[in-house]
Amino acid sequence: MLSISLGRQAASFVPRLAPLSFGFLLSAAASSGVAVASHTGHCTAESCPIRSQQRSSSTSAMAAYGKSFVIEPKASHTASLIFLHGLGDTGQGWCESLRSVGGDHVRIVCPTAKVQPVSLNGGFPMPSWFDIFGLGIDAKQDDEGVKVAAQHLKSLIEEEEKRGISADRIVVGGFSQGGAVALYAGLSSEKPLAGIAAFSTWLPMHQKITGVATDVGRNIPILQCHGGSDQMVPLPVGQLTGAFLGGFAKKHAMKVYPGMAHSSSMEELQDLAAWLSQRIAKIAPL
């Protein structure tokens, strides 16, 4: 087993190693469907309630989702950001890095995926939002797994609504595999979310998305960010995703960061903060 941190981190980031098999790394370099990024962080962890779910696949019943790592707002809670990590990571990996992006009125929730076998990685179990079977655009996709993960994200949106936050004050997002789930969940949403932040990712089930996307989902603003030197989810994959979204979603913007690998950067997080300040601006007290 090889431990490795993928991508160059900005100076303020401390990379946390994520275990991946060497064979998986070799395969992933040519694939648009696998990803890992790590950011250390120490946030409040809370149990993420979820009903036991079955998958219509050859695997047995899946384990429960991991913990959600949460940054509570310092001021009155008037907006929320739910951000999903990439393959092999946990919610803790992104929690601290996102601390300053939303403002003191934003509750930031970083859930953790279930630990499950990843077929492309020889069945090695790791935190993963859905299974990955093969390489290339025409490879088999875990449609059911994407749908289950998207439904879990929608349940987290409902939890924020129970806290008194309306859907149009909730942004969903994610990195790599997590970003794929966020895109699918957002485009298929019946609720007018405030936005979708898609980092270093791709559009899953791209041949079927037009059949599940809603008019509401197509109107949700999308911020897509991608590294120019990404070797895990290569820039051309991101550009193809951007071209599709640009002609399909009604409010899509994409930014490329030259030299950035399959990772994040202070510039990207600053752009996210600026975008969030427009999408879920702080509400002045009455």
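Begin with Arg218, which lies over the face of Phe248 at 4.5 Å from the ring centre. A charge sits over a ring if NZ of Lys or CZ of Arg is within 6 Å of the ring centre and within 35 degrees of the ring normal. Lys140 gives another example: its charged end sits over the ring of Phe133, 4.3 Å from the centre.

A word on the source. This is a predicted model, in which local features need pLDDT of at least 70, side-chain atom pairs count only at pLDDT 80 or more, and totals for chains, interfaces and linings use all residues. Residues are numbered from 1 along each chain as its sequence is written, and side-chain values use heavy atoms, with hydrogens and water left out.

Now the overall picture. The protein has eight helices and 12 strands. These are DSSP runs numbered from the N terminus, with helices (H or I) of at least four residues and strands (E) of at least two. Of the 286 residues in the protein, 55% are buried. Buried means under 20% relative accessible area, exposed means over 50%, and partly exposed is in between, with a 1.4 Å probe and protein chains only. Look also at how contacts span the sequence. Among contacts in the protein with a separation of 6 or more, 74% are between residues 24 or more positions apart. Contact here means heavy atoms within 4.5 Å.

Aromatic rings come next. Rings of Phe, Tyr and Trp (its six-membered ring) pair if their centres lie within 6.5 Å; planes under 30 degrees apart count as stacked, over 60 as edge-to-face and the rest as tilted. The count by this rule is six aromatic pairs. In one of them, the rings of Tyr65 and Trp129 have centres 6.2 Å apart and planes at 35°, so this pair is tilted. Tyr65 is in the loop between strand S3 (44–46) and strand S4 (68–71), and Trp129 is in the loop between strand S8 (124–127) and H3, so that the pair links distant parts of the chain, 64 residues apart. Tyr65 counts as buried because its relative accessibility is 8%. Trp129 counts as buried too, at 3%.

Phe83 and Phe199 make an edge-to-face pair, 5.7 Å centre to centre with 70° between the planes. Phe83 lies in strand S5 (residues 79–84) and Phe199 in strand S10 (residues 195–199), so the pair ties together parts 116 residues apart in sequence. Both Phe83 and Phe199 are buried.

Ala79 is buried, with a relative accessible area of 0%. Which residues does Ala79 touch, leaving aside its neighbours within four places in sequence? The contacts are His105, Val106, Arg107, Ile165, Arg169 and Ile280. Ala194 is 115 residues away from Ala79 in sequence, yet the C-alpha atoms are 9.3 Å apart in space.

Turn to the helices. Two packed helices are described by the angle between their axes and the distance between the axes. Helix H3 (residues 143–162) and helix H4 (residues 177–187) have axes that come within 9 Å and cross at roughly 75°. H3 and H4 are therefore roughly perpendicular to each other. H3 contributes Val146, Lys147, Ala149, Ala150, Leu153 and Lys154 to the contact, and H4 contributes Val181, Ala182, Tyr184 and Ala185. By class, that is eight nonpolar, no polar and two charged residues. The terms work as follows. Axes are lines fitted to C-alpha atoms, for helices over the stretch in contact, and angles run from 0 to 180 degrees between N-to-C directions. Angles under 35 degrees count as roughly parallel, over 145 as roughly antiparallel, 65 to 115 as roughly perpendicular and the rest as oblique. Ala, Val, Leu, Ile, Met, Phe, Trp, Tyr, Cys and Pro count as nonpolar, Asp, Glu, Lys and Arg as charged, and the others, Gly among them, as polar.

Finally, check the backbone. Most residues other than glycine have a negative phi. Ser176 is not a glycine, yet its phi is positive, about 55°. Ser176 sits in the loop between strand S9 (170–175) and H4, and is buried at 0% relative accessible area. Met205, also not a glycine, has a positive phi of about 50°. Met205 lies in the loop between S10 and helix H5 (209–212), and is buried at 4%.
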